[in-house]
Amino acid sequence: MSDEILKTTPLNAAHRALGARMVGFGGYDMPVQYEGVLAEHKWTREHAGLFDVSHMGQAKITGKDAIEQFERFVPGDYKILKDHKQKYSLLLNDQGGIMDDLMAGKPDHNGLYVVVNAGNKDADFAHLRANLQGDAKLEVLEDRALLAIQGPEAIDVMVQHEPALAELSFMDITWLNVFGVNCYISRSGYTGEDGFEISVPAADAERVWNLLLSDERVKPIGLGARDSLRLEAGLPLHGHDLDATVSPVEADLTFALSKSRKEAANFPGAERILKELAEGPSRKRVNLLVKEGAPAREGAEIADKDGNIIGVVTSGGPSPSTGNKIAIGFVPPAFTEIGTELKVVVRGRPAAAEVVASPFVPTRYYRKPKA
Amino acid sequence: MKFTKDHEWVSLDGDIATVGISAHAAEALGDVVFVETPDVGKTVAKGDSFAVVESVKAASDVYAPVSGEVVEANGALADAPETVNASPEGEGWFAKIKVSDASELDGLMDKAAYDAFLATL
């Protein structure tokens, strides 16, 4: 890997100017931290954190067949999705495994805007391009950067630039001129906090980044804190908690299976997924509170209280907001009830753990009161 | 104080070696959130993994810079692992080892040699 040529985002020089520690992630040279993971994590929970997520894949799917064609790849109902809304979904393979997780929405009146994970984007886009039919076209938005501003003060920062953003509710998405450029902008994120994800032209990225950072409520946040924040929010990470063998039922992501799509059984892997819905999967994602010893990380085995190995941790570490140690893992359904006493085996030593509810830390998404 | 290429430090007082990780290592790790120190009475050989230090992101082994018997572990790190960042070459020490062969220290770097080594990384 050391001789791998890393790609850069339009903000690479800005990260270096801020003294970021850079690492390879998803094929990109990315900031893992600026001042420190713990400080950045806490700043985001208390103020507003600014993230460069330009490594993620952005695309438009357009054409009159766009929605119908996109639905062939995912289990969500995008026909009933309203304009200016986005919806979380899963790119499924024919075995019902999760090739990637994604956001797809209707920001304008021109098909779908889709965001996928950095490490999967080339495969995702190749898969879509090869299999989209009719007049549905995939256009990869190579020339756009993606920023996320997250935290309780994100809204106050953003309305200074565009008052209309106060009208957006969690998971709303729009196409709007902000910062003097046209942006795809959604009220969403990957931290459990209120906030926005903002797609800007690459040429404007550094200007917008610096403009947002000039607000004293905003600090740059690296991938280290992005990971600990999403873990506390109970949000799975593809390549770790999700992969091409894991089904949406196993991953406890059945909310992504729309009712109409289940009834029609017309998504990839429907046979397995519907069978698991009816009969139960063989393993299921759980949240664990590790009650003693070291943090349990990816790969640590999970045992029942008698010491029998029953599963594995797929993400884990300290929870900076609570001071606890937390983990996500997979175990048979019989062990998934909240309060079930389990053990995690770290460096050969079993430590007490307990199945707890998700999220670990309450999420604070903004849902506009109904008029 | 002497240093290893794996970024541990050792400070000898009589036959008791105090051992920790260097300021460079602590800075490179970032926020230390957990330290696993060795059990008192444990015999370690030079180069053995004898402790673990964990940042938010990862767990890293700490290798014994000298052979001997662990006679004391820094219990304060259990509740205050951040001491390793605040004072890596002082209060953030990991363990004290009763050295079995003091000549093992001869092969280690002094501060000037370690700084020169860091400059090559």
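Domain bounds, as used here, come from an automatic or database domain assignment. On that basis, chain A of this predicted model is divided into domain 1, made up of residues 12-56 together with 142-232, and domain 2, which covers residues 282-356. The C-alpha centres of domain 1 of chain A and domain 2 of chain A are separated by 31 Å, and the contact between them draws on 7 residues from domain 1 of chain A and 7 residues from domain 2 of chain A. On the side of domain 1 of chain A that touches domain 2 of chain A, at least two residues are supplied by each of helix H2 (37-46) and helix H7 (223-232) of chain A, and H2(A) gives the most, with 4 residues. By class, the residues on this side of domain 1 of chain A comprise 2 nonpolar, 2 polar and 3 charged.

Taken as a whole, chain A contains 9 helices and 19 strands. Its radius of gyration is 20 Å, close to the 21 Å that the globule rule gives for 371 residues, so chain A is as compact as a globular protein of that length. When taken along the principal axes, the box filled by the C-alpha atoms of chain A has dimensions of roughly 60 × 55 × 50 Å. Of the 371 residues of chain A, 50% count as buried, and among those contacts in chain A that link residues at least 6 apart in sequence, 67% join residues at least 24 apart.

Strand pairing in chain A can be illustrated with strand S4 (residues 57-62). This strand of chain A pairs with strand S7 (residues 112-116) of chain A in the antiparallel sense over 5 bridges, and within that pairing Gly57(A) stands opposite Val116(A) in S7(A). S4(A) is also joined by 4 bridges to strand S8 (residues 137-140) of chain A, again with the two strands running antiparallel; here the bridge partner of Thr62(A) is Lys137(A) in S8(A).

Several individual positions in chain A were examined in turn. Ser169(A) is placed in the loop between helix H5 (154-161) and strand S10 (173-178) of chain A. Because 14 other C-beta atoms lie within 10 Å, Ser169(A) is classed as partly exposed. Ser169(A) and Pro369(A) are 200 residues apart in sequence, yet their C-alpha atoms are 8.8 Å apart in space. With residues up to four places away in sequence left out of account, Ser169(A) touches Arg187(A), Tyr366(A), Arg367(A) and Lys368(A).

The backbone also includes a cis peptide bond, which joins Ser358(A) and Pro359(A) with omega at about -5 degrees; Pro359(A) belongs to the segment after strand S19 (349-356) of chain A. A positive phi, near 60 degrees, is found at Phe179(A), a residue other than glycine, and Phe179(A) lies in the loop between S10 and strand S11 (181-186) of chain A. Phe179(A) has 17 C-beta neighbours inside 10 Å and therefore counts as partly exposed. Asp252(A), likewise a residue other than glycine, has a positive phi near 60 degrees and is located in the loop between H7 and helix H8 (259-264) of chain A.

The contact between the two chains involves 10 residues of chain B and 11 residues of chain A. On the side of chain B that touches chain A, strand S4 (32-36) and strand S6 (49-55) of chain B each supply at least two residues, and the largest share, 3 residues, comes from S4(B).

Terms used
Residues numbered from 1 in each chain as written. Chains lettered and ligands numbered in written order. Predicted model: local features only at pLDDT ≥ 70, side-chain atom pairs only at ≥ 80, totals over all residues. Nonpolar A, V, L, I, M, F, W, Y, C, P; charged D, E, K, R; others polar. Rg over C-alpha atoms; globule rule 2.2 N^0.38 Å. Buried ≥ 20, exposed ≤ 12 C-beta atoms within 10 Å, placed from the backbone. Pairing = 2+ DSSP bridges.
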